[in-house]
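I set out to record, entry by entry, what I looked up in this structure. The sequence and the model come before my notes.

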Amino acid sequence: YYSAGLYYSPSSDYSITEAVDMYERRVTPVFHLEYQEGFSSWQTNNSTYRKLKGGISHNIRLDHFNSVDYKIESGVYFERGTDMHFAAYQHFGASDLLLNLNSLFDSFLLLDNYELQTNRYWVNLFLNYSGRYVLFKRLSFLQGKPFTENLHLKTLFTPDIDSYVETGYSVSFNRYFGIGGFTSFHNTKLKKIGIRFSLNLRSLKFT
């Protein structure tokens, strides 16, 4: 198979410090589009399919203490062969481990790894609110502590399962480590409740 993708952001915000451009924050959305195709050649049992997916992500800083970020993605298989392999399905970032190596912000935390997938079409949304004074930080003896509170809403729609929703509250000491409580719903019916720890190694950048 092969794939080709494009990421585009209209503009970003910079400041000049000591004649050096310093990146301050992302102020415009990031759009992405990807086309993927699997094809057969001399092997007749290869997966054949065509998939197109795209979306938008954006972090909006409301003020010095609060921010909202969202990520929306949708995709469709507009051609697929009868011998399509399970690995070629669209899978969604999910893990039902107590210690999760993904982000609390953009992964499903109460699903088994291969519980939800599709080879038809899908739409998902991740919406997160981060603030210094959301709930527990309003208590006077916690106001000076170095952590951020977050509210999460994550949704997924596929024609196979209809709707899946996770809601949660978490505390993060940075973007890479946090702990939270989450609740999941399948077609508005309660599915699971759990506590998850996050060590988001994939977001670490070593330079």
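Before anything else I noted how elements are assigned: helices (H or I, at least four residues) and strands (E, at least two) are DSSP runs, numbered from the N terminus. I also noted that this is a predicted model, in which local features need pLDDT of at least 70 and side-chain atom pairs count only at pLDDT 80 or more, while totals for chains, interfaces and linings use all residues. Residues are numbered from 1 along each chain as its sequence is written, and side-chain values use heavy atoms, with hydrogens and water left out.

**Entry 1: elements.** I counted zero helices and 14 strands in the protein.

**Entry 2: the sheet.** I asked in what order the strands of the open sheet stand. Ten strands form this sheet, in the order β1-β4-β5-β6-β10-β11-β12-β13-β14-β8, with mixed pairing. β1 (2-8) and β8 (99-100) stand at the edges with a single partner strand each, so one side of each has no neighbour in the sheet. Two strands count as paired if DSSP finds at least two bridges between them.

**Entry 3: β4 and its partners.** I found that β4 (residues 30-38) pairs with β1 in the antiparallel sense over seven bridges. Ser3 has Gln36 in β4 as its bridge partner, and Tyr8 stands opposite Phe31 in β4. β4 also pairs with β5 (residues 49-61), again antiparallel, over nine bridges. Here His32 stands opposite Gly55 in β5.

**Entry 4: the core.** Which residues have the most contacts inside the largest nonpolar core? They are Phe92, Phe108, Leu111, Leu116, Leu156 and Tyr164, in a core of 19 residues. Such a core is a set of buried Ala, Val, Leu, Ile, Met, Phe, Trp, Tyr and Cys residues joined through side-chain atoms within 4.5 Å; buried means under 20% relative accessible area (1.4 Å probe, protein chains only). Of the 207 residues of the protein, 37% count as buried.

Entry 5: I looked up the second largest pocket and found a volume of about 260 Å³. Of its 14 lining residues, the closest to its centre are Lys71, Phe92, Gly93, Asp106 and Phe126. A pocket is, on a 1 Å grid over the protein atoms alone, an open set of points where a 1.4 Å probe fits, with protein on both sides within 12 Å along at least five of seven lines; lining residues have an atom within 4 Å of a point. The volume is the space filled by probe spheres set on the points, which are joined across faces, edges and corners. β6 (66-80), β7 (90-91) and β10 (121-131) each supply at least two lining residues.

Technical notes:
Buried < 20%, exposed > 50% of the residue type's maximum accessible area, 1.4 Å probe, protein only.
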